[in-house]
Structures are given as structure tokens and as C-alpha cells.
Amino acid sequence: MEGDLYVIGMLSIHDQNTHSPLQCAAIKTLAGADLAEALDILPGRKIGFLLINTCSSPLLARQRLLDLHTGRLVLPDGSMRNSSVILPYIMGYVGAYASGDSMAAADTLTNIGTPFVQVSPASTSPLLKDRSTYPYFMRLVPSDDIQARVLLNVAVRLNASYIQIMYDKTAVYAQTLVQTIQETVKNNYAKVCIAQKIAITPVNEVSEYKWIKDELRKKSSARLVIVVLYPTEITKIMDAILPELTANDNFFFLASNSWGRRQALIEDKTKLEGSLVFSQEIPQDQFFGSYFKSLDPTQTENIWLRYFWEARKNCFFNKSFERKGKTGMCPDNVAADYVDDPRASLHIQAMYALVIGVNQTLSRLCGPAARSMCDAVHSDDLVKTLKTVKLDLYNTGERTQVFDDNGDGLVGFKILQVTRNRTVSDNTMVYKEVGSWKHDTLVLDEKSLTLPRGQTFTDINCPENTSAIVGLSVSLAAVFIILAVIVICLLRRLRQTARRQASTTYSTGHGANNNSSMSADSNSADYSTVDSPYDPNSKETRECYRHATSL
């Protein structure tokens with residue numbers, strides 16, 4: 001879309017290709033092309049928009065930004081112009097969704113020559129707090145060091161102090177959140193035990209995730225499982241393990257904000273009943289839902305939307321070449337049952353925050369009629385202005401501060417519980433709001449919490465004295481190893497002493513005539529060089545002990 005000024009959006013339309021990070025995998029059916037539309041609604045503004053598909057790959061994000069800023073990118077408007085023609089008119093960036101993509105983008109946009117401001121709607125890595133490294137990065141959401149603390153506070157409130165963690169080891173977001181949870185446990189939660197971490201590498205087939213249920217069962221008494229995964233992996237993993245879990249597998253999932261209020265993740269999954277989910281959300285934009293449902297996927301400028309619906313509905317549109325394995329033609333109202341992604345509103349508000357901040361900066365430094373970024377505008381000025389921007393984030397009619405002094409967001413969490421819809425007879429699963437975190441305060445309605453099969457939260461406890469027993473076992477094992485090594489050394493020393501004594505006896509008995517002039521004092525001195533094997537101060541004993549304690 002053309003305009004006087006341009007916003008560049010960054011979003012992962014396709015999944016990451018785990019085998020080739022410079023290529024994309026399949027198109028995403030969750031939080032992909034639909035969120036691209038959320039970045040493209042600015043009614044009444046003459047602002048152009050260009051979207052970069054990062055494919056959840058930091059390498060691709062960096063490469064495509066460099067292509068854009070070196071003029072190697074051909075604009076997708078049919079004009080065959082290269083990207084150099086819009087560079088003077090770029091007002092800033094919105095995105096990315098994933099922390100790894102945002103870090104790669106923030107580093108590139110800071111060091112590309114003329115720095116650009118970047119506003120992320122959802123990236124939460126604590127590493128992005130560092131303003132010496134990422135001076136022009138801002139976000140609507142708080143850092144994950146806060147989320148780690150809130151997750152653990154919820155676990156403690158549920159008396160679940162013995163926990164497991166299941167996470168995507170390839171995602172920066174998951175890596176840093178899990179590391180932050182560990183550090184927070186070590187420093188502030190002495191009674192919480194992390195039984196194990198189950199590190200997951202994304203794969204294509206659902207069946208390849210079945211091993212996870214066996215890993216969970218290895219620590220079956222650690223019933224609370226913190227889940228730090230992206231939606232695509234959540235769907236596959238739950239499809240793999242839930243059918244195989246029995247009534248004895250009383251695992252209780254507590255999911256980070258990457259799960260969110262996504263209905264597709266819980267449809268027909270009755271074994272998720274009782275699980276808790278964090279959602280970083282603001283009220284849905286009243287305009288976006290009707291706007292998105294009205295789009296014709298075959299006519300929109302969003303070239304990915306047609307493929308999004310074909311993959312999501314397993315259907316095909318007219319003139320589509322990808323018909324194999326599809327159930328039939330996509331209906332005209334293909335988006336009729338679409339439920340807004342909870343992150344759509346965050347993307348919309350991130351766009352509004354950037355545009356408002358740029359407008360205010362242009363009016364102040366370039367004049368109210370400015371239609372381009374004048375020389376007086378610098379990204380430092382834009383960052384200062386953005387920190388003062390206020391938006392009606394919660395549809396209350398009251399505008400509130402969007403960013404704190406560091407440029408981090410002030411949007412809190414909602415805590416949702418997966419439960420059955422009691423108003424219908426089928427197994428429809430829904431989210432019920434049972435708590436929240438806002439302004440550093442946790443609210444949890446424990447009376448409204450429910451668990452299936454009559455379980456109680458007090459059953460989810462850290463095994464008594466687990467840490468003490470483990471520590472004692474390790475200490476005793478170390479002592480036994482040290483003693484065993486010392487005994488072996490001493491036995492070896494005894495044999496060596498015996499051989500020396502035998503050799504000395506032979507020499508003194510058969511060589512007396514040749515050594516008749518040797519005094520008793522000299523013979524005594526020779527024997528004194530042979531240390532007693534039982535002497536704790538002997539050189540050999542000290543070496544044995546030093547060797548043992550170094551194991």
C-alpha cells in the first residue's frame with residue numbers, strides 16, 4: 001500500500017525451516033497472515049505499508065532488512081521499483097512477534113547507518129531490556145523476568161512447588177524465559193523444585209512428539225508442567241501426548257503467554273481441562289473482526305491470505321494449483337467462524353503508537369504540513385515522544401501510558417483456565433478468566449478454580465525433603481568415592497613398600513662384604529627414605545587425597 005510515509009511491518013507468515021534457516025517452511029495457520037491484516041488498518045491516514053515475512057528466522061529477518069536498506073528488494077506493487085525509492089520515507093518499524101526476530105531486527109536497525117525506531121507488539125525477552133545494545137527498541141509488553149515471577153507466584157499459590165518445564169530449545173523467547181525462571185527460583189523461591197526441563201526441537205510429524213509423555217512420566221510426582229512453546233508446536237505436542245495420557249497421569253499444564261487465548265489450541269481437548277494459560281491481551285479491536293471477515297482472500301493485497309485459509313480449512317480456491325489432499329473448494333464465507341487472535345489488538349495498538357509518535361514528532365520538528373521525515377528528526381527524538389504516548393488500550397474511554405521509562409510495555413496478564421462449556425452437552429472447551437496481573441499485583445480467584453476428576457491443588461506438592469535427600473545422597477556418594485580412591489592408593493603403596501623392603505633385605509644380606517665399611521647411621525638413613533604407607537602426612541598419601549578430591 002502506497003503513502004506519503006511508510007511503516008515497515010515484520011511478522012512471521014510462515015513457520016521456521018529447522019533444516020535451512022534461510023528458507024521458510026509451511027504457512028502458519030495461527031498468528032500469521034491474519035495478524036498481517038491487523039498491521040494494515042489505519043483508516044483515514046495516507047501511510048504506506050510494507051510487510052517483511054521473517055519466517056520465525058532471525059537470519060532471514062536480518063537478511064531481508066539488509067536487502068530493503070541496500071535497494072536489493074523489489075517492491076511487491078507490480079511497479080518493479082527497488083526498495084531504495086521508499087527509504088527516505090520510512091517512519092519506523094512495527095514488529096516482530098518473536099523475540100529472536102526482534103533482536104536480529106533491533107541490532108540491524110541500530111547499526112545500519114541511520115537508526116530506525118522499532119515497536120514490537122509481543123516480544124518479551126529480558127535481553128531486549130538492554131538499551132545500550134537496543135537503544136531504539138520499544139514494546140507494548142513487559143519483560144519476561146516479570147512473567148517468570150508471576151508464573152512462579154501462581155505455582156506457589158497452588159501449592160505446586162515441584163514442577164517440570166517443557167520448552168522449545170530453538171526459540172530465543174523460550175530459552176530466555178526458562179533461564180529466567182531458573183534464576184528466579186534460585187534467588188527467590190527456595191521451596192520450589194524444578195524436577196526436570198524437557199527441551200523440544202520442532203519437527204513436522206505429530207508422531208515424533210510421542211516420546212514427551214514418557215519424559216513427563218519419569219517425574220510423575222512433578223504434576224505441574226510449565227509450557228513455554230509457540231502455538232504450532234503446542235498443537236502438535238498436545239495431539240501427540242493427550243490421547244496417550246491415562247487417569248494416572250494427573251499432569252496439570254501452566255502455559256506462558258505464547259499460548260494465549262487461542263480457541264484452536266483447546267478444541268476437543270478435554271484432557272486439558274483445568275490447565276491454566278497466561279494471556280497478554282487487551283480488548284479486541286471492534287473494527288478488526290468485521291473487517292477481517294469481509295476480506296475476499298482472492299482479491300486482497302495480502303498475498304498470503306489465500307494460502308492461510310487453504311491451509312487452515314484444508315480447501316482450495318479457484319485457480320489454485322495446490323489441490324492435492326484438499327477436501328474441496330473453499331466456501332465464499334471461509335472466514336465466517338474466525339475468532340480474533342488475541343495478539344491482533346496488540347499489533348494494532350503498536351501501529352497506532354508508532355504513527356501517533358511520528359506525527360507528533362514531525363509536527364514539532366518539521367511543521368504540521370510535513371509529508372516526509374525532515375533532517376531535524378532523529379530516532380532519539382522519536383523515542384522520547386513515544387514514551388509520552390497514551391492510548392485507550394482497554395476501551396474504557398481513558399487513555400493510559402503505553403511505555404515505561406525504559407521503553408518496555410505496561411500491558412499486564414490475564415490468567416485463564418481451560419474448562420468445559422457447561423451450557424452445551426458436547427465437549428466444547430472454553431477459557432474462563434480466573435485471575436490477572438497488573439501494576440505488579442497478582443489477583444487469583446482460587447475459589448473458582450476447578451480440576452477434573454475431583455483432584456485438589458494441594459495434591460501437587462514437592463516431595464518432602466527432596467532437595468535434602470538428593471543433596472545428602474550426592475554428598476555420601478562423593479565421600480565414598482574419595483575413601484575408595486584413598487584405600488586403593490594405600491594398598492598400592494603397601495605393595496610398593498613390601499617390594500622395597502624385600503629388595504633392601506636382599507641387598508643387605510648378600511652384599512655385606514662389599515659394604516662392610518658402611519656405618520649403621522648410613523643404613524638407617526637409607527631406610528628412613530621409605531615412608532610408612534599409613535602416615536597421613538606422607539607425600540604419597542597427600543597425592544592420593546588430592547587425586548580423590550579432584551574427581
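I take a strand to be a DSSP run of type E with at least two residues, numbered from the N terminus. By that rule, threonine 419 sits in strand E15, residues 413-420. I am working from a predicted model.

**Entry 1: threonine 419**

Next I listed what threonine 419 touches, leaving out residues up to four places away in sequence. I found Glu273, Thr428, Met429, Val430, Lys432 and Thr450.

**Entry 2: the sheet around E15**

I traced the sheet that holds E15. Eight strands form it, and it is open. I read the order as E9-E8-E10-E11-E12-E15-E16-E17, with mixed pairing. Which strands lie at the edges? They are E9 (193-200) and E17 (441-444), and each pairs on one side only.

In general, strands of a sheet pair through backbone hydrogen bonds, either parallel or antiparallel.

I then checked the E17 end. Strand E16 covers residues 429-438 and pairs with E17 in the antiparallel sense. I noted four bridges between E16 and E17. For glycine 435, the bridge partner in E17 is leucine 444.

**Entry 3: helices across the E9 end**

I looked for helices lying across the strands here. Helix H5, residues 172-188, lies across E8 (162-168), E9 and E10 (224-228). H5 runs at about 160° to E8. Helix H6, residues 211-218, also lies across E8, E9 and E10. I noted an angle of about 170° between H6 and E9.

**Entry 4: helix H4**

I looked up H4 next. H4 spans residues 144-157, which is 14 residues. From first C-alpha to last, H4 reaches 20 Å, close to the 20 Å expected at 1.5 Å a residue. Which residues of H4 are buried? I listed Asp144, Gln147, Ala148, Val150, Leu151, Leu152, Val154 and Ala155. After H4 comes asparagine 159, and its phi is positive, near 60°.

**Entry 5: whole chain**

I closed with totals. The chain has 14 helices and 17 strands. Of its 551 residues, 48% are buried. I took the contacts with a separation of 6 or more, and 69% of them join residues 24 or more positions apart. The accessible surface comes to about 26,700 Å². Carbon and sulfur atoms account for 51% of that surface.

Note on methods
Residues are numbered from 1 along each chain as its sequence is written. This is a predicted model: local features need pLDDT of at least 70, side-chain atom pairs count only at pLDDT 80 or more; totals for chains, interfaces and linings use all residues. Side-chain values use heavy atoms; hydrogens and water are left out. Two strands pair if DSSP finds at least two bridges between them. Contact means heavy atoms within 4.5 Å. Axes are lines fitted to C-alpha atoms, for helices over the stretch in contact, and angles run from 0 to 180 degrees between N-to-C directions. Buried means under 20% relative accessible area, exposed over 50%, partly exposed in between (1.4 Å probe, protein chains only). Accessible areas come from the Shrake-Rupley method with a 1.4 Å probe; for residues, only the protein chains shown count as cover. The expected span of a helix is 1.5 Å times one less than its number of residues.
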